[in-house]
Amino acid sequence: MRKRMLVLFLIAAFVVGAIYAGGDAEAATAAPAAAVKDVVVLGSSTQVNGDFFDGWTNSATNAYLKQLMTGYETVVWTKEGRYVINPVAIPSYDVVTNADGSKTYTFEIATNLTYNDGSPIKAQDYVFSILYAASPEAVALGANYGTGPEYVGYDDFHDGLTKTFSGIRLLGDYSFSITIKASELPYFFDLSLVSVDPIPMHVLAPGVTITDTGKGATLSAAYTVDLLRKTILDPVNGYRYKPMVTSGPYQFESYNPADSTASVVLNPRFLGEYDGAKGSIGRLIIKLTNTATQMDELRTGQIDMLHGISGGTQINRGLDMYDENIVNYAFYPRYGYGKIAFACDFGPTQFDHVRRAIAYSLDRVEFARQYTGGFGILVHGYYGASMWEYKQNASKLDKELNTYSYNLQKAEQELIDGGWTLNKDGKPFQKGVDAIRHKMVDGKLMPLVIEWANTANNPVSDLISAMLVPEVKNIGMQINGTTVDFAVLLNHLYKEGIDAPVYGMFNLGTGFATTQAYWYYYSTDPEYFGTYNTNFIADKELEAIALDMKKTDPTDLAGWVEKWIKFEKRWNYLLPDIPLYSDMYHDFFNPRIVGYEPSSTWDWRYAIVRARVVK
Amino acid sequence: MLKYVLKRLMYIIVVFLIASVLIFALYKSVPGDPARLMLEGSKQNMKPEEYEARYQEAVRKLGLDKPLPIQYFTWLGNTLRGDFGYSITYKMPVKQMIGVPMKNTIMLNVWSLIPVFAITIPLGIATAVRRGSRFDSIVQVVTIIGYSLPFFVIALLFIFLFAVKIPIFPISGVQTPGFTGSSIQLFMNKLYHMALPLIVMVFTSLGGLTRYVRATMIEALRMDYIRTARSKGLTEKVVIYSHAFRNALIPFITIMTGWFISIFSGSVVIERTFLWNGMGKVIIDALNQQDFAVSLAMVMFYLILALVGNLLMDLSYGLADPRVKLD
């Protein structure tokens, strides 16, 4: 009897297993493509999820895949870190500044563009892309789109007050225009505002038409939330999960939620990127890896590439494999940095003298070396070493920016210059006798005690504890560290739900956007405090430079650079953050992959389209 | 018996409601702002006014704008109707995103049960019967190693041995990336990927269970009725399997209940090491991302499983041992 039960149990388990293996109902798979010879598997520690359409996910790996499936944008990002009109999609365009100060871009699109299914790409697909993202129906779906508020007529259209988007015009089968609000201009990155890619209207909104009677583009009544819910959110065939009609160099092949693996294959109908690149690797797969074993997966050939590797241990393992001719590698600095961030609106850290004194008290060179294992660099301002502005002016900036080299005498002098010259009794501070400096602020003595919020299991916090906290004691300063959950740290940094701010110092990381909005991040308008200006710094001079940068004519690169350097100098003097390290990221890849040239601003999604596989 | 079951079911409802209040209160006291996390990555692409509007929309969508008691009753009502809320990480209903990892976890655990029980029960009985022999000593040493070494050490060691040095198994994943083939081939491919995590799970489970079975069997073999059975001239096989093992079952049933629950809960270490996309990984990720809808749903699910599991355990005692009366 028992034997029978055991046999029955084994059979049941086998049957369940068979059902499980065969029944991948959730796996989204396209029709099998032609036999693919070249396959490259990218290992990523960021999990791919099932979203392949803008509006829902911010996962870096999903963004890669979406980008690979997107093409023929009006404006593209170049390897040199600039925005340019895409000559493949837009053979001609016109820019007019209107009497009311608004600016209209009129695009003529190429007549030979098609989606991967062969259907033609027309102007209405570009217009639909804008109208859909700005529509209240998209909001009702739960999608998040950041584009559109800069266009004339956005507010009324977005709020559902009108069905016509006055700033968007459908001028013909192959022509459309976008008008930017006068209040947004002049704007140095204005080209980025008119970067639009086509989305297949016939797939997302079948039966819907766009008309233009001269007052703007209007969606027909058939455009409803219910329609979008069917075409976009359907769990099996919705465009969000299975975008079968796309315009980029690669097309969707499959996504397997069981192991978070996704693949794309070459789109044979793709005409090329702005530089003619069409992609040549037959299939690209992104597979989840974990840090502990990812190098072993690369060594054993289970994956072909790893990108964005940081930290001495991992990089050295990769370099060992390079020495054994198992892999090749490329490296580039991180587009951001790890930092000490200050609250510049209360307590001792509201005074720039104190912030500079802290910078002088820390040996940042040694700090960066220890943290990155020698695979990192130092920056001295609000920039990444791969920004074109920095690369053009590296020698000048390195000479003119204060590097805050470790120097306790200078640190002490900053405090004296800043008025931190009293002891707890209000008498002159005596070194060796008094422990903590004080300053008279609004008639009260303020002790030079800084509350620092840090997170657990964080080597940066450990290094600050070891390399900075003991040093500042020598200049009459005290830093009290408190370890909190990262969410709590953010609450205090943003001052959300905080009645009385406590912490004046934090350690965390930051990254730059391709169109870095300096004017938001250093705005003195309290509306921007917390969400953008996380330092709560209200320096009118810094803000004025940033606003002046925003207003630079897009063609005036020299003018932009001049203001950018001015901004960096002011920032370097005020020091709302202390940049601690900028990792040197390494990409390791199988030697059969050639022509792969990534950089901080030219990441995997761009570089892989220009790479190829050799035998 | 029926009266007992009904009474226990009533207890389950009361315990469930009390626990739901406590768990909900605990989650609400965790610092952080799920609405902010939902938009964190989009901020750089939005103007401040747009961000604020989206933030308020997220607060409304997550129901965070309502008083706590209203939030609780809304959540409880929705949960009882099978609506477990909206995952801020996956940007979809929890019910929709939970299916795949749950299936993966159940499969891995069901498959591991077969070798674990097939090995540990006979091994535990054999070592109890041959207590003090060389065989018993060897098994004791081997099982204590499996029992005392942490999961992740064994997992990494096995990966190093059987996937890197002697590359007979894949290092991670559920199937070969980009695999194409028939259903049978796919099934075999998945079994191949399941092999190493399964071996590690079995190896790490052997120690505890074998020693447990051994201890309960030794206890049972010391009883007077075993001496009586032997003196009646029954064969040693009948004495061990019909008399001793049946009496050793009661403590074993307690262990079995834990295993029953673990079928659905997954192993955080195994799933994260072998990148087996299961419930253990989902729950840890949900906690890290403050995806409370997911973690709350799963905690409540495990609570119900534990309560039902305990009821089944008590009922099983009665089946295994006629002396146990359930009133």
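In chain B, helix α7(B) meets helix α8(B) through B:Phe151, B:Ile154, B:Ala155, B:Phe158, B:Ile159, B:Phe162 and B:Ala163 on the α7(B) side and B:Leu196, B:Ile199, B:Val200, B:Phe203 and B:Thr204 on the α8(B) side. Contact here means that the C-beta atoms of two residues, placed from the backbone, lie within 7 Å; helices (H or I, at least four residues) and strands (E, at least two) are DSSP runs, numbered from the N terminus. By class, this contact has 11 nonpolar, 1 polar and no charged residues, where Ala, Val, Leu, Ile, Met, Phe, Trp, Tyr, Cys and Pro count as nonpolar, Asp, Glu, Lys and Arg as charged, and the others, Gly among them, as polar.

This is a predicted model: local features need pLDDT of at least 70, side-chain atom pairs count only at pLDDT 80 or more, and totals for chains, interfaces and linings use all residues. Residues are numbered from 1 along each chain as its sequence is written, while chains are lettered from A and ligands numbered from 1 in the order in which they are written.

Axes are lines fitted to C-alpha atoms, for helices over the stretch in contact, and angles run from 0 to 180 degrees between N-to-C directions. α7(B) passes α8(B) in a right-handed crossing (left-handed if the near helix is turned anticlockwise from the far one by less than a right angle, right-handed if clockwise).

A second pair in chain B consists of α1 (residues 2-29) and α13 (residues 292-320), packed at about 155° with axes 10 Å apart. That angle makes α1(B) roughly antiparallel to α13(B). Here too the crossing of α1(B) past α13(B) is right-handed. Residues of α1(B) that meet α13(B) include B:Arg8, B:Ser20 and B:Tyr27, and the contact comprises 14 nonpolar, 1 polar and 1 charged residues.

Chain B also touches chain A: 48 residues of chain B are in contact with 50 residues of chain A. The largest share of the chain B side, 9 residues, comes from α5(B). That side has 23 nonpolar, 16 polar and 9 charged residues.

In chain A, an open sheet of 4 strands runs in the order β5-β6-β9-β8 with antiparallel pairing; two strands pair if DSSP finds at least two bridges between them. β5 (92-97) and β8 (168-172) of chain A stand at the edges with a single partner strand each, so one side of each has no neighbour in the sheet. The twist averages 15° from one strand to the next. β5(A) is joined to β6 (residues 103-108) of chain A by 6 bridges, and A:Tyr93 stands opposite A:Phe107 in β6(A). Helix α3 (residues 123-134) of chain A packs on this sheet, touching β8 and β9 (175-180), and its direction makes about 170° with that of β8(A).

Another open sheet of chain A has 3 strands in the order β7-β11-β10, also paired antiparallel. β10(A) and β11 (residues 217-219) of chain A share 3 bridges.

Finally, the domain assignment of chain A, which is automatic or from a database, gives domain 1 (72-224) and domain 2 (336-418 + 447-583). The centres of these domains, taken over C-alpha atoms, are 38 Å apart.

Technical notes
Parallel < 35°, antiparallel > 145°, perpendicular 65-115°, else oblique.
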